[in-house]
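Here are a few friendly notes to read alongside the model. Take them one at a time, and keep the 3D view open as you go.

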Amino acid sequence: MKLPAFAYARPDSVDAALALLADDSRDSRILAGGQSLLAAMNFRLSSPDLLIDINRIDTLAGIDHTDGVIRIGALTRHAEVMASPLVAAELPLLARAIRDVAHPAIRNRGTFGGSVALADPAAEMPAIALACGATLVARSTRGERRIHADDYFLGLYETALRSDELLIAAEFAPHGARPWAFAEQARRRGDYASAGVAILLDDAHPNAPARVALFGVADRALRSPAAERPLAGGAPDAAAIADAAEHVCDGIDVFGDAHASAPMKRHLCRVLTRRALHAMTARAEP
Amino acid sequence: MTHARTETEITLKVNGEPLHATVDTRLNLVDFLRSQQGLTGTHVGCEHGVCGACTVRVDGRIVRGCLMLAAQADGCAVDTIEGLDESGVLARLQQAFHRHNALQCGFCTPGMLLTAADLLAADPHPSRDDIREHLSGNYCRCTGYQAIVDAVAEVAGQGDPA
């Protein structure tokens, strides 16, 4: 099967891209890395009328740290995130998770923004955005909007982005000093997750809230309030870890799929949560 | 370029040779290389980026030829197995592959070589785990992988990268 026919445009500025997006007389899609979109089009699961190729808009790529905010441009390739000393130092949860994204050739083209805009339920980057409480910056001809990750992932491949909006960047608070945990189960190296957990804790004070994001188990990346409660304060003992792990899927509608049934995914989440938190504790030991 | 069209002109380099072509916008890079340029050393397997048989180098970086449009290669330098073979940069890897029986049908081999070369360019002395990790996106149905890892490990153990 080969791609269906489509019109192709390659704007060289954000404004030109937004003008194309604003035309709702045809179904247009943004072409960034293309590692998901072109795969879907190869199988004719997607047939937009127009592809808007944003790969030449250099201002959309890059990672910088300004005024206490780390901003990852939407067009930043996964490979660049993986190689970034800034990410390694200041966003270690992201640095860990990016290693499980696909394979080197995919990471050379795939982009951070593309992953978050598509919001595949089994992808790593949406869960990282959620665990980190990132802010997604969207722009259209109507202006710019900032969307907190908690308000962004709405359903299966459904985000708060409107059809005329382009994801411009994601903004993170540095978390280099905070405890974090990550674990994923996939059938083959680099596959989408059968289940995954991304955790960012805060040990600034005893009640500091935890953020626990699950992926690969529902229609989108989502948080686990039942696991977050025992992890408040950021220094969980063995009992708190067991509590978080045992209850991680409480209240969550877990979807089975071709790779694992719902009971299997619930089991995996419990195991992964426990393992990730114990690995976190071990890292903290001198 | 903002006008939307279903056919477009591209100017690029393929294996060092400048090239100008008119392509359907829906033509992907690997199909362009195989059908329009006769460079059939790059193979088409899964067409969704998983198997690695379509791996080519664009502006020095390995990519999936099935997940890039020929239109997107405008202004780029593309290297295929043919060009890299001719330039000799893969010679040590190729010789090691022969010594270790790291190919049988050869379908995965161009992708394996490009990916292994990519690893060794960044890290001349990777561990076996590093090699497996980097090659995890290239599937082989014949060899069972061990011989491929052995071949890359042999080159990795030598002084300079391939």
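**Notes on chains A and B**

1. Let us begin with how much of chain A is hidden. Of its 286 residues, 59% count as buried. Please keep in mind that this is a predicted model, and that a residue is called buried when its relative accessible area is under 20%.

2. Next, the overall build. Chain A contains 11 helices and 14 strands. Its C-alpha trace extends over about 60 × 45 × 30 Å along the principal axes. How does the radius of gyration of chain A agree with that of a compact globule? For 286 residues such a globule would have a value near 19 Å, and chain A has 19 Å, so the two agree.

3. Now look at which parts of the chain meet. Among the contacts in chain A with a separation of 6 or more, 60% are between residues 24 or more positions apart.

4. The accessible surface of chain A comes to about 11500 Å², and carbon and sulfur atoms account for 50% of it. As for charge, chain A has 31 positive and 35 negative charges, and their mean positions lie 5 Å apart.

5. Four strands of chain A form an open sheet in the order β11-β12-β13-β14, with antiparallel pairing. Which strands stand at the edges? They are β11 (180-185) and β14 (222-223) of chain A; each has a single partner strand, so one side of each is left without a neighbour in the sheet. As a reminder, strands of a sheet pair through backbone hydrogen bonds, either parallel or antiparallel.

6. Six bridges join β11(A) to β12 (residues 195-200) of chain A, and the two run antiparallel. Is β11(A) largely enclosed or left open by the rest of the structure? Five of its six residues are buried, so β11(A) is largely enclosed.

7. Finally, visit one glycine in chain B. Gly65(B) lies in the loop between β4 (61-64) and β5 (77-79) of that chain. Gly65(B) counts as buried because its relative accessibility is 0%. Leaving aside residues up to four places away in sequence, Gly65(B) touches Asn28(B), Leu29(B), Val30(B), Cys54(B) and Val56(B). Thr80(B) is 15 residues from Gly65(B) in sequence, and their C-alpha atoms are 10.0 Å apart in space.

Conventions. Residues are numbered from 1 along each chain as its sequence is written. Chains are lettered from A and ligands numbered from 1 in the order in which they are written. This is a predicted model: local features need pLDDT of at least 70, side-chain atom pairs count only at pLDDT 80 or more; totals for chains, interfaces and linings use all residues. Side-chain values use heavy atoms; hydrogens and water are left out. Buried means under 20% relative accessible area, exposed over 50%, partly exposed in between (1.4 Å probe, protein chains only). Contact means heavy atoms within 4.5 Å. The radius of gyration is taken over C-alpha atoms; the globule rule is 2.2 Å times the number of residues to the power 0.38. Accessible areas come from the Shrake-Rupley method with a 1.4 Å probe; for residues, only the protein chains shown count as cover. Lys and Arg count as positive and Asp and Glu as negative; His and the chain ends are not counted. The place of a charge is taken as NZ of Lys, CZ of Arg, CG of Asp or CD of Glu. Two strands pair if DSSP finds at least two bridges between them.
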